[in-house]
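Try each task with the structure on screen before you read its solution.

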Amino acid sequence: MLSTLRPSARRAVFEASRSALAPASARHFWNVSLPVLSGPGGAHTTKYNIVKPGKDNVEWDDFMLALPDKEHLASFSKDVPLFIRYLKVVTDKEGRPEAFTAFINRAKSGLVVESDVYITSEELLSVMWKNGYSDSERNAIQFTFPADYKFHYPELSVLFDIPEEETYKFAMRTRMENSHIGELDFSKVKRQGFIRDHWLMFGVGLVIFKYFPFFNYYFGVKVFGTSMWCYTMWTGLNRWIAGTCRRNEFMAAQKTAQGVMEGEDAIVSSMRRFANDAKCVEYLGTFKEDTESKIATYRSALAQQMKSELTERALKQLQAIASFEASMGSAMQELVVKEAAASFKDKFPTDKALQDKAFASALKSLSGAEVKAADCPVASHFDTAFKSLQGVDLSTVKGNSSGTLPERVAYAQQAKDAEFKQTFMVTAAEASEVKKLASQAKAGDGYDFSKLAPEAADRLDSLYASINGKVGFVIPDLTTKPIPKTSDPAANAYIEKVNAQIAESAKTLRQARLTAFVSSF
């Protein structure tokens with residue numbers, strides 16, 4: 001049956017079994033036992049003084065001595081994922097898909113089997129060897145299932161295609177031969193009618209004891225009767241009380257174990273924060289050299305960044321100037337036309353000759369005669385206005401918004417020149433204001449800008465930023481933020497010293513900047 005399995009299929013099943021039945025590792029820290037690993041039923045001592053795990057409605061007994069029937073055996077629901085994968089390979093090779101389907105339907109919600117009707121992997125391999133199975137067939141079982149795997153009789157039946165009755169008998173005989181102490185259903189094997197037996201014993205004993213001397217009513221009813229009542233109550237309630245106590249003890253142990261594990265996790269988490277503390281001495285040994293090299297690299301990078309920003313800013317300023325001049329040229333052409341039309345509108349209402357010329361031109365046009373440019377008042381006005389601009393130096397003409405066309409154009413051009421100077425050049429008013437503020441901060445051969453009033457100091461800073469922006473100079477941002485305080489008083493004292501040095505450095509830098517700025521005026 002198993003000899004037809006290919007080596008690759010056996011290896012696949014073997015790998016699947018190893019991954020499915022990998023034992024879960026228990027946690028142990030500092031020799032602390034974890035009660036969570038024990039069962040909720042505690043320990044149960046059988047009548048043979050052998051300790052077994054306590055379970056509800058389960059009684060332990062030697063199968064050889066008890067000879068239990070099938071309905072007396074305790075059952076449970078078994079998960080068989082590894083066996084199903086192996087069975088799939090076997091049934092596909094042997095052409096028994098219906099057997100696999102039937103077993104899947106049966107084990108869909110768990111395979112319900114009697115807990116102690118099984119044979120182990122070692123016992124199955126021994127039986128296969130005795131019955132002449134080949135090494136490859138036995139290796140397929142050995143390499144797929146762990147040594148402690150229990151093959152219950154429904155699994156043996158479907159795996160070897162044998163009736164379940166036969167596999168059940170074989171598994172039970174194997175367990176009996178080993179004097180196996182297995183699980184029995186306590187509700188099926190316990191003695192029935194124990195209350196009747198106890199009180200029958202009391203009645204018979206009372207009848208017998210009354211014929212003996214010194215056995216009076218007090219002993220028969222009070223002593224013997226009370227003892228029998230206590231024995232009856234203990235027989236009926238001892239398993240329930242013991243189960244309740246064990247369950248509560250197990251839950252308390254679980255809670256204790258959970259607290260222990262959480263405490264261990266907290267300790268490990270705290271220890272991890274100090275994992276690199278041993279390296280502090282190594283870091284401090286090379287702190288000076290590392291700091292000096294990094295400071296030199298920082299200065300070089302800062303200079304390169306300032307150079308790049310200054311070049312970019314100057315280029316943008318030159319582009320803005322070129323764009324302004326180009327817009328001035330195009331605006332000048334449009335301005336000439338607008339000012340010529342405006343001068344005509346201003347002159348026509350007050351010029352009698354121009355009105356007569358316009359009337360004559362209109363009559364001539366209505367008669368159908370050709371109107372020449374000299375006869376048209378509009379054309380002649382524009383022609384005269386444009387000719388008046390030829391050879392005229394607008395820079396020497398006094399501007400007038402309501403004068404002749406050259407005066408109007410000169411007025412507009414002078415306004416553009418003033419806008420250009422205000423936007424891209426330092427004005428005389430700004431220069432005089434800087435000199436005035438500098439005179440207020442004069443202190444000997446140098447300047448002390450702390451003498452300035454707050455309003456004057458703010459105005460000087462504003463002039464510094466605006467004038468540098470006009471000339472296309474970038475002001476590097478070298479502001480250092482103060483270090484926030486902590487909850488450690490000793491560390492706060494050091495932080496205050498560092499913040500004081502930062503503030504002093506910022507003050508010195510501002511003093512040097514403003515001194516160089518006002519000195520240029």
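The exercises below begin with the whole chain and then turn to single elements and residues.

This is a predicted model, in which local features need pLDDT of at least 70 and side-chain atom pairs count only at pLDDT 80 or more, while totals for chains, interfaces and linings use all residues. Residues are numbered from 1 along each chain as its sequence is written, and side-chain values use heavy atoms, with hydrogens and water left out.

**Exercise 1. The whole chain**

Task: Find how many helices and strands the protein chain has.

Solution: Start with the elements, which are DSSP runs numbered from the N terminus: helices are H or I with at least four residues, strands are E with at least two. The protein chain has 19 helices and 10 strands. Next, look at burial (buried means under 20% relative accessible area, exposed over 50%, partly exposed in between, with a 1.4 Å probe and protein chains only). Of the 521 residues in the protein chain, 28% are buried. Finally, take the contacts, meaning heavy atoms within 4.5 Å. Among contacts with a separation of 6 or more, 69% join residues 24 or more positions apart.

**Exercise 2. Helices α5 and α6**

Task: Work out how α5 and α6 are oriented to each other.

Solution: First read the geometry, with axes as lines fitted to C-alpha atoms, for helices over the stretch in contact, and angles from 0 to 180 degrees between N-to-C directions. The axes of α5 (residues 121–130) and α6 (residues 135–144) come within 10 Å and cross at roughly 175°. Then apply the classes: under 35 degrees is roughly parallel, over 145 roughly antiparallel, 65 to 115 roughly perpendicular and the rest oblique. The two helices, α5 and α6, are therefore roughly antiparallel.

Now look at the contact, where Leu 124, Leu 125, Met 128 and Trp 129 of α5 meet Glu 137, Arg 138, Ile 141 and Gln 142 of α6. The residues of this contact divide into five nonpolar, one polar and two charged (Ala, Val, Leu, Ile, Met, Phe, Trp, Tyr, Cys and Pro count as nonpolar, Asp, Glu, Lys and Arg as charged, and the others, Gly among them, as polar).

Last, check burial: Ser 121, Glu 123, Leu 124, Leu 125 and Met 128 in α5 are buried. Their cover includes α6, α7 (153–160) and α8 (164–177).

**Exercise 3. Helices α18 and α19**

Task: Find the angle at which α18 and α19 pack.

Solution: Helix α18 (residues 454–470) packs on α19 (residues 489–519) at an angle of about 65°, with the axes 11 Å apart. That makes α18 roughly perpendicular to α19. Residues that meet here include Leu 460 and Tyr 464 in α18, and Leu 514 and Phe 517 in α19. By class, the contact has eight nonpolar, one polar and three charged residues.

**Exercise 4. Strand β3**

Task: Decide why β3 is largely enclosed, and find its partner.

Solution: Strand β3 (residues 58–62) has four of its five residues buried, so the rest of the structure largely encloses it. It pairs with β8 (residues 181–185) in the antiparallel sense over five bridges; two strands pair if DSSP finds at least two bridges between them. Asp 61 stands opposite Gly 182 in β8.
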